[in-house]
Amino acid sequence: MIQKLYLALLMLLLSWGAHAQEKGTFKNLGPQLHSATLQGSAFVEGKNGKTYVYSVVRGRPAHLFGYDLATNELVADLELENTDGSWAIVASTDGLLYVSSAQGYLFKHMPGTQEIENLGIVLEGEKLVWDVVAGKNGEIYGGTYPGCRIFRYHPKDGFSDVSQGPVVENQQYAQFLAYDKKTDKLFVAVYIGANVVEIDLKTGKKREFLPEHYQKNGSIYNLKLVKAKTGTKLLVWLNNKGVGREALVFDAKTGKLEETLGTMEVRTLLKAEKIPTVYYTVDTNLYSSELTASAYAASEHLLSFKGKTKAARWNKNNEVELFTTEGQLVKYNPATRKSSTVTLNIPKQPIDIQSIFYGPDDRVWLSGYLAGGNAAYDPKSGKTVEYSGLIQSEGMAKQGDDLYFGIYPAAQLYKYDTKRAWDVSQNNPRLIKQLEGQSRPFAILSVDSLRKVYFGTVPNYGVLGGAIAEYDSETDETHTYTDVVKNQSPVCLAFLDGKIWGGTSISGGLGITPTEKEGKLFCWDPDKRETIFETTPIPGIMAVTALIKGPDKKLWGMADGNLFVFDPASRQVVKQTKVYEVPAKRTHLWRDAFLVTHPSGNVYGTGGRKFFSVDPQTMEVNVLREGLDLLTMDGSGVLYFRLGADLWSYTPETAIAE
């Protein structure tokens, strides 16, 4: 009996395995996008007496580079395992270098050596370490996302939760830090719901700094403590809604707001030792001033350079020394007013693919994660061309010879004429519109018959309720419609039977808790320019993240791992099946699945990091490979997706012969 059961099970497994190996060819086409995007950077004095500048170059994996400032030579090139970037690095009082991680790790490095140690996840449940600052006696502090927590690390003690939970309840970003060694107090900037919280590290007591107006209308970019004759000042650089970027000057002891200045990148601000002059940067310029409104208004412009400042210091020659995002070391001598610039050789790294799309020029277009940039892979020649000038594209679409990009941040919509040379300086690609209040244009739909392109967007950080932007390619006009579905973000769009169908996520911008309970499938009337129908196709879902016109002329979609078929005539879900499980706890869900109808009649999809095919007759799902996501299809029926920085292709046996 047992033997028969064993044989039956074996035959079942063999038959499943045979079915799972659908005939087709996978190919790893390798990294397509490269960048020398610099993130966390710092000037460091080594125990060996040498001075270095260290910086993290984003990539897959990210690399920590170190340069000897005596020779400007690269002396350290170290992989940061299992992470693709770092927002901050800092040297502790005992000479060790600590590197934050975009994946929640903390790394430790002794400057001048070739070793780096991954110390592990800083606090359970935290996915990202933002800022890190040095405390006293070799300790460091860091801020996290999504728990909005503060950790302490010391080589003898390991990690501990200093904030004992969120710094501010119902917030996610403990993003920027400043430490006062005299008072042993830590200042924490909470990015969304703009707030600054002082934590007394001896007692654990917390004190909020920002007036309510800023908490409701601002977002913080950075902060810094500055010693002045009248006491320690806390500088907070923020965006004040309706006003713009400002630098606020607080008395760190009393919490009193003393001055409101214009914009200045306070993190890299340097104060002269014996006079009240400060040196600060804005974008690619260096200025001098004092910390008063009248002095700021008369700020002196000292010089310009390439890139934004990542680190600043007073060097041994009493010069202002800057390190920029373009790898430049800029020195300015206040006494002689002379300056010099050296450009370091920063090796480029492969970066993650953020979006892929088969363009009107018969090439597979790609955009890079965070670092931005674009590339186009030619299936016929196997060659890739990289293009600079655009930042992170969340989605793409085509109409005629034009390729459209939806850019993060600030929902920037671009149009590229593929028949002309790529030249951003000559407006090709050309900025069509920047959508006020919006952030991420994931959903882009071209409706050729209407000569219009529709963009579905996620709103800004800390805001609920996205929008649909309608671009008329004949008149070059754009109209934006908000609150398409109450407090929800349109994240996918499809066109069927003269109507635009969309899927929403209950998630808005990062840093705010959703108010709605279920994602929606909705119908948008392009003539009336309004939503005429909405429903929840699968109870309890967080989002509908993929929609296409299926082989049966019905809507096919994905929602929280569920594949469904929706009949627009009856307005009912007529088929559904579970493809994969989704995590029970997620901070947000915007983009999770993709579907295409293959010329063979099959439907292919990605979701939950699985690549699968679907038999439209039986709805049987066949998982073909794990780890792949994103999806597009070329004119020959070849499918493309990503695995980190690598572009992969799959050629089904049924692909169209060229």
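Cys523 is buried, with a relative accessible area of 1%. In this predicted model, Cys523 takes part in no disulfide, and the nearest cysteine sulfur, that of Cys492, lies 13 Å away. A disulfide would need two cysteine sulfur atoms within 2.5 Å, and a search of the whole structure finds 0 disulfides. Cys148 also counts as buried, at 0% relative accessibility.

Glu124 is exposed. Glu124 sits in the loop between strand S10 (116–121) and strand S11 (128–134). From Glu124 to Ala295 the separation is 171 residues in sequence and 46 Å in space, C-alpha to C-alpha.

The accessibility values are listed below.

| Residue | Relative accessible area | Class |
|---|---|---|
| Cys148 | 0% | buried |
| Cys523 | 1% | buried |
| Glu124 | 77% | exposed |

The largest nonpolar core contains 18 residues. Phe187, Val196, Leu210, Ile220, Leu223, Leu234 and Val236 have the most contacts inside this core. At least two core residues come from each of strand S15 (174–180), strand S16 (185–190), strand S19 (218–228), strand S20 (231–240) and strand S21 (244–251). In soluble globular proteins, nonpolar side chains tend to be buried together.

With neighbours within four places in sequence left aside, Leu210 touches Ala194, Asn195, Val196, Gln215, Ile220, Leu238, Leu248 and Phe250. Among these partners, Val196 and Ile220 are also listed with Leu210 among the residues with the most contacts inside the core.

Definitions and conventions
Residues are numbered from 1 along each chain as its sequence is written. This is a predicted model: local features need pLDDT of at least 70, side-chain atom pairs count only at pLDDT 80 or more; totals for chains, interfaces and linings use all residues. Side-chain values use heavy atoms; hydrogens and water are left out. A nonpolar core is a set of buried Ala, Val, Leu, Ile, Met, Phe, Trp, Tyr and Cys residues joined through side-chain atoms within 4.5 Å. Buried means under 20% relative accessible area, exposed over 50%, partly exposed in between (1.4 Å probe, protein chains only). Helices (H or I, at least four residues) and strands (E, at least two) are DSSP runs, numbered from the N terminus. Contact means heavy atoms within 4.5 Å.
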